[in-house]
Amino acid sequence: MTTYHFTVNRTPVELDVPGMRRLLDVLREDLALTGTKEGCGEGECGACTVLLDGAPVDSCLVPICQVDGASVATVEGLAPAAAGIAGVGVSTATALGPLQTAFLETGGAQCGICTPGMLMAGQAYIDAGGGLDDAAIRDAIAGNLCRCTGYTKIVEAIARTAGTVAADPRPGGPS
Amino acid sequence: MPDLTTRTEPARALVIEPGTITPGRARGAAPFRREGPDKLTGTAKYTDDLVFPGAWFGSTIRSTDAHARFAGLDLDDGFDWSTVIVVTAADIPGENVVSLIKADQPILVAIGGEIQHHAEPLALLAAPDRATLRAARAAVHVRTEPLPAVFDPLASDHVFAAYELASGDPDAAFAAADVVLEGEYRVGHQEQLYIENNAMIAVPSADGGVTIHGSLQCPYYIHAALKTGLGLDDRQARVVQAETGGGFGGKEEYPSMIALHAALLAGKAKRPVRMIYDRHEDLAATTKRHPAIVRHRTGVTRDGRLIAQDIEVVMDGGAYCTLTPVVLSRGAIHAGGPYRCPNVRIRARATRTNTPPNGAFRGFGAPQTEFAAETHLNRIAEALELSPLEIRRRNVYQVGDTTPTGQVLRTSVAGEEVLERAAEAAEFERLRGRHDAARAQRSGSGTVPGSPLRTGRERVASGVGLALAWHGAGFTGSGEVRLASVASLELTGEGEISILTASTEMGQGTKTIFPQLVADALGVSYEAVQIAPQDTAFVPDSGPTVASRTAMVVGGLLIKAAQRLRTQVEAATGGTFAATYREYARSNGTVRIDQRFEPYPGVGFDDVTYRGDAYPAFGWAACVAAVDVDLDTGEVHVRDIVAADDIGRVIHPVLAEGQVEGGTLQAVGYATIEEIKLRDGRYLNDRLATYIIPTSLDAPRITTILVEAPFDAVPHGAKGVGELPMDVGAPAVVAAIADATGAWITDLPASPERILAAIAGVPAVAPLRPGASEPARR
């Protein structure tokens, strides 16, 4: 086995694993970051989307050897570490970032299983300076399947964020 | 391990002020989804996210025959079988059945028994790691002796269920009709395609029982299946729902099978076992929407009034009964569409074929028969040179009309309203007029599809289509009475208000709307009401989370429970509930109110004669679809949809819209691209690369209009929304394709092959009808 070095949500990671181990399994099983989901294991559904050096990738198709020296951003890194959220009737120690907030407000998450991947694809679009254009947003999330929403409210959430967030620092970008 | 869950730089945090929803006014407001933050931060725990130290991995050995005798299971001598667990039917401690309507489906086919379909479970394996599991699978060999298989539901003589509905005198009415039109419509399998695959983890307990953690819709279905299959009592069998990534009916009955498999392995291994399906297994083995063949013969007057309907419905049940009788029943009752017709005969049957069993999927039989009814009505309108809108105006049910089961529609009848609202918002008549002109110009110009002389502009034809549907809310017939669901409310000694039901959250919003309803009934804030986990050790059997019944039926029970709790507290304290319940709880300890279902006044159904009130109320939906059809390739782009849905009183407008939008896109997929192909009874496209569903680029812009015709027999007036949009989308899209091209597609999906063949007036190149299996290639 080889030792691989990379960052996940800006935190350095050093790991001895087989080089062909899927990034998805490294995240979920070796690093206990289960926010990233597996929907098909063959790059069709996009549920496992994470950002690799800022670009959205299907983590089920990325062997860990390709991640050496790279930065990885997952859904767990989208929210700022802050106080709880009032108003949803539950106490939680997690706060939400702008895109997550927009998903909550518009109803962009239903069953939630595509949501982490959808958020990462949407975040990559916003980070790249994507605007409010409906067709461009749909193009940006065309690799992420959702069976609950009809995509309407997801597109609305991304547009709302793209319209209000100016150059938020990349969650997975080099610091 | 380093903390990987936080960013170092500050970002803007969401702060929502509490009290933005006025106590007592939560219904109709749109509080944020209760479990939304957990889903948005990746902290929500779905089954595969749960960690059980020492858990093994489970796997299922399945048949590769459609029909055969299971002659034997051979285990390679070269493999060390002491490292794994093998389970066969001989290890089943209880009855070898997955208990549901009929006891016909085995948990595992016994050696010597009959394999009834491809991908049927034969044996189980568990191993400490995936590599060992893979090696063990490769060392197992199944011996079978093939038997002749039946794939054609019309040819099968094994009938799971049959119904006949009749009213008036159809034969006399046909003789008197000005025009009689016939048509045959076929629809194939459709996969629910929740993005989270089926998943179950079984944990053996010290009392010889088992606890199941899983992705599921109906905790008590699994609870019952565990008791029967494993010989457990009520307490030994325990089912806990994990966060569930979509269901759509697909996690109604098959989870019982998977839970039993995981439990059998866990029992023998004496440790937790994870049974997590991958997409291929989920597609190959779990239930689909029933294929159906629907034949219509309709008599009308020259001015477009329906006077006789003769409808024959045949559904393909697959190899086992599952929920087929109730799917067929709902399909039959809805088969005439939402239209007054004095003389009706509906004959419906579902038969057995040697294909994987079909089961529940959003709409539950109605999308199949309403696609046929609506497409047929549109063709009648065309034959009579009437507008599709006008023919519906003349026939749609009004208050006082009688349905084919003899049900008089007394209240909450909104077919006309949804029809007019959708047609107006979509400018249906104006668009249709424009397309008529374009079609006439195309045919007059002498250009034909595929002609190199055509200009680019002529290549794409636009069309607009309309459909109308009804959908019975809740279980069919006496189903709710037989279920006798219980929903409970608890005020704990610590002053916490907790909702106890088995109704599951799978994205539709149960965990949000229940606290809304209870908070209003108690006059407390939305945040003050908690919802207990869906765990059979704590919550009562409030029935399955299916049939668009959660908001109407279980929501109604919770409001009644809350009213009782409020009365009890206020009578004792003399103050308002909100001001005094904490004090009351401290001095009186925990109070629990169990509310059991009671029949709605004046609603009754006779299962023997099949007459009476088939549903306590109906929801109504209209859909206008606008499409572009590429006349060279046959590709359809569904551009815009206007959906008007009457769901009774709206509890949460954002969640309700979400249901309409999502259901509409599933219907668009059903109409245009979703198709299972079979060979020798096996699904050929059993991967996500080959079974395709709409992406964001395939999805139309969807405009939702929520109409509120309240159902008075429940305190909150809600009727349910989940299934309604699934009934109208496909016929609206097919009508739009006809408006664009002049050709009617009668088999779903309206694939490019079928569209090009229909335009050219020839049989489709693909020889197979929907749901049919091509013979084996030997």
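Predicted model: local features only at pLDDT ≥ 70, side-chain atom pairs only at ≥ 80, totals over all residues.
Which residue of β23(B) does B:A469 stand opposite? B:A469 stands opposite B:A621 in β23(B).

Strand β16 of chain B covers residues 460-472, and strand β23 covers residues 618-630. The two run antiparallel and are joined by 13 bridges. In general, the strands of a sheet pair through backbone hydrogen bonds, and the pairing can be parallel or antiparallel. Now widen the view to the whole sheet. It is an open sheet of four strands in chain B, ordered β16-β23-β24-β27, and its pairing is mixed. Because β16 and β27 (701-707) of chain B each have a single partner strand, they stand at the edges, and one side of each is left without a neighbour in the sheet. From one strand to the next, the twist averages 15°.

Next, turn to chain A, where there is another open sheet to explore. Five strands make up this one, in the order β2-β1-β5-β3-β4, and here too the pairing is mixed. Which strands stand at the edges? They are β2 (11-17) and β4 (55-58) of chain A; each has a single partner strand, so one side of each lacks a neighbour in the sheet. The twist in this sheet averages 40° from one strand to the next.

Strand β1 (residues 2-8) runs antiparallel to β2(A), and seven bridges join the two. To see one pairing for yourself, find A:F6 and look across to β2(A): its bridge partner there is A:V13.

The sheet in chain A also has a helix lying across part of it. Helix α3, residues 115-127 of chain A, lies across β3 (49-52), β4 and β5 (71-73), and runs at about 35° to β3(A). Is A:M118 buried or exposed? There are 30 other C-beta atoms within 10 Å, so A:M118 is buried. If you set aside its neighbours within four places in sequence, A:M118 is in contact with A:I141, A:N144, A:C146 and A:I154. For another distance to trace, take A:M118 and A:G163, which are 45 residues apart in sequence and 18 Å apart in space, C-alpha to C-alpha.

Back in chain B, two helices meet. They are α17 (residues 653-672) and α18 (residues 724-741), whose axes come within 7 Å and cross at roughly 45°. The two helices are therefore oblique to each other, and α17(B) passes α18(B) in a right-handed crossing. Which residues meet here? From α17(B) they include B:V660, B:G663 and B:A667, while those from α18(B) include B:P725, B:G729 and B:V733. Sorted by class, the contact between the helices has 11 nonpolar residues, five polar ones and no charged ones.

Some loops of chain B deserve a visit too. Between α18 and α19 (752-760) there is a loop that holds B:P749. A cis peptide bond joins B:L748 and B:P749, with omega at about -5°.

In the loop between β15 (344-351) and α8 (366-383) of chain B you will find B:F364. This residue has a positive phi of about 55°, although it is not a glycine. B:F364 has 29 other C-beta atoms within 10 Å and so is buried. B:S548, in the loop between β19 (529-531) and α15 (550-573) of chain B, also has a positive phi, near 50°, without being a glycine. With 26 C-beta neighbours inside 10 Å, B:S548 counts as buried.

Our last stop is B:R271, in the loop between α5 (254-269) and β12 (273-276) of chain B. B:R271 has 19 other C-beta atoms within 10 Å, so this residue is partly exposed; a buried residue would need 20 or more. Along the chain, B:R271 and B:A55 are 216 residues apart, yet their C-alpha atoms are separated by 6.2 Å. Not counting residues up to four places away in sequence, B:R271 touches B:G54, B:A55, B:W56 and B:A266.

Notes:
Residues numbered from 1 in each chain as written. Chains lettered and ligands numbered in written order. Axes fitted to C-alpha atoms, helices over the stretch in contact; angles between N-to-C directions. Parallel < 35°, antiparallel > 145°, perpendicular 65-115°, else oblique. Left-handed = near helix turned anticlockwise from the far one by under 90°. Contact = placed C-beta atoms within 7 Å. Nonpolar A, V, L, I, M, F, W, Y, C, P; charged D, E, K, R; others polar. Pairing = 2+ DSSP bridges. Buried ≥ 20, exposed ≤ 12 C-beta atoms within 10 Å, placed from the backbone.
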